[in-house]
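Biologist: I'd like to learn how to read a structure like this. Could you walk me through it?

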Amino acid sequence: MRKSTEFEDLVAWQKARKLSKRVYQITGQPPLSRDWSLCNQIRRAAVSVMANIAEGWDRSSRADTAHFLSIAKASCAELRSHFYVALDAESLPREVFDDLQRSASEIGRMIAGLRKAILRNSS
């Protein structure tokens with residue numbers, strides 16, 4: 001199931017890549033772009049999701065893969081939390097916030113499912 005696919009073929013990674021692109025677009029525009037620290041945190045969390053999926057997928061053991069998928073899922077939660085900060089600071093419109101939250105939540109669920117499948121197949 002696992003090594004027949006490159007990380008670029010994983011739908012979770014593809015969606016994380018799209019979310020990262022969107023995050024970079026949104027954080028590059030005012031008013032959010034004016035808060036450099038928050039923008040940096042949001043960008044780093046978004047990149048961490050896709051990077052940890054990729055790194056985990058190319059690890060040699062299923063336990064390592066599952067570990068990095070856990071990190072990627074946690075980065076989704078961090079990203080969602082940062083979106084709340086941006087919303088509360090009135091730097092992110094509600095409709096954009098809702099869309100970003102949906103995307104990050106979906107990716108988190110996909111990563112959880114992938115991790116579960118990895119662990120199930122390691123038995």
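Biologist: Let's start with Arg59: is it buried, partly exposed or exposed?

Modeller: Keep in mind that this is a predicted model. To count as buried, a residue needs under 20% relative accessible area, and to count as exposed it needs over 50%. Arg59 has 28% relative accessibility, so it counts as partly exposed.

Biologist: Which residue does Arg59 form a salt bridge with?

Modeller: Here's the general idea: side chains of opposite charge can pair when their charged atoms come close. In this case the partner of Arg59 is Glu55, and the closest N and O atoms are 2.7 Å apart. Glu55 is partly exposed too, with a relative accessible area of 36%.

Biologist: How many salt bridges does the structure hold?

Modeller: There are 5 of them. One of these joins the side chains of Glu106 and Lys15, at 3.4 Å from N to O. That pair links distant parts of the chain, because Glu106 is in helix 4 (residues 94–121) while Lys15 is in helix 1 (residues 11–27), 91 residues apart.

Biologist: And how accessible are Glu106 and Lys15?

Modeller: Glu106 comes out at 31% relative accessibility, which counts as partly exposed. Lys15 is at 30%, so that residue is partly exposed as well.

Biologist: What about Asp99, which residue does it form a salt bridge with?

Modeller: That would be Arg102, with 3.8 Å between the closest N and O atoms. Both residues lie in helix 4, 3 residues apart, and that is about one turn of the helix. Asp99 is partly exposed at 27% relative accessibility, whereas Arg102 is exposed, with a relative accessible area of 52%. There's a network here as well: salt bridges link Arg22, Asp99 and Arg102.

Biologist: Now the helices. How do helix 2 and helix 4 pack?

Modeller: Two packed helices are described by the angle between their axes and the distance between the axes. For helix 2 (residues 36–57) and helix 4, the angle is about 15 degrees and the axes are 12 Å apart. That makes helix 2 roughly parallel to helix 4. Their crossing is left-handed.

Biologist: Which residues of helix 2 and helix 4 meet?

Modeller: From helix 2 you have Val49, Ile53 and Trp57, and they meet Ile107, Ile111, Leu114 and Ile118 in helix 4. Sorted by class, this contact has 7 nonpolar residues, with no polar and no charged ones.

How values were computed. Residues are numbered from 1 along each chain as its sequence is written. This is a predicted model: local features need pLDDT of at least 70, side-chain atom pairs count only at pLDDT 80 or more; totals for chains, interfaces and linings use all residues. Side-chain values use heavy atoms; hydrogens and water are left out. A salt bridge is a side-chain nitrogen of Lys or Arg within 4 Å of a carboxyl oxygen of Asp or Glu. Helices (H or I, at least four residues) and strands (E, at least two) are DSSP runs, numbered from the N terminus. Buried means under 20% relative accessible area, exposed over 50%, partly exposed in between (1.4 Å probe, protein chains only). Axes are lines fitted to C-alpha atoms, for helices over the stretch in contact, and angles run from 0 to 180 degrees between N-to-C directions. Angles under 35 degrees count as roughly parallel, over 145 as roughly antiparallel, 65 to 115 as roughly perpendicular and the rest as oblique. A crossing is left-handed if the near helix is turned anticlockwise from the far one by less than a right angle, and right-handed if clockwise. Contact means heavy atoms within 4.5 Å. Ala, Val, Leu, Ile, Met, Phe, Trp, Tyr, Cys and Pro count as nonpolar, Asp, Glu, Lys and Arg as charged, and the others, Gly among them, as polar.
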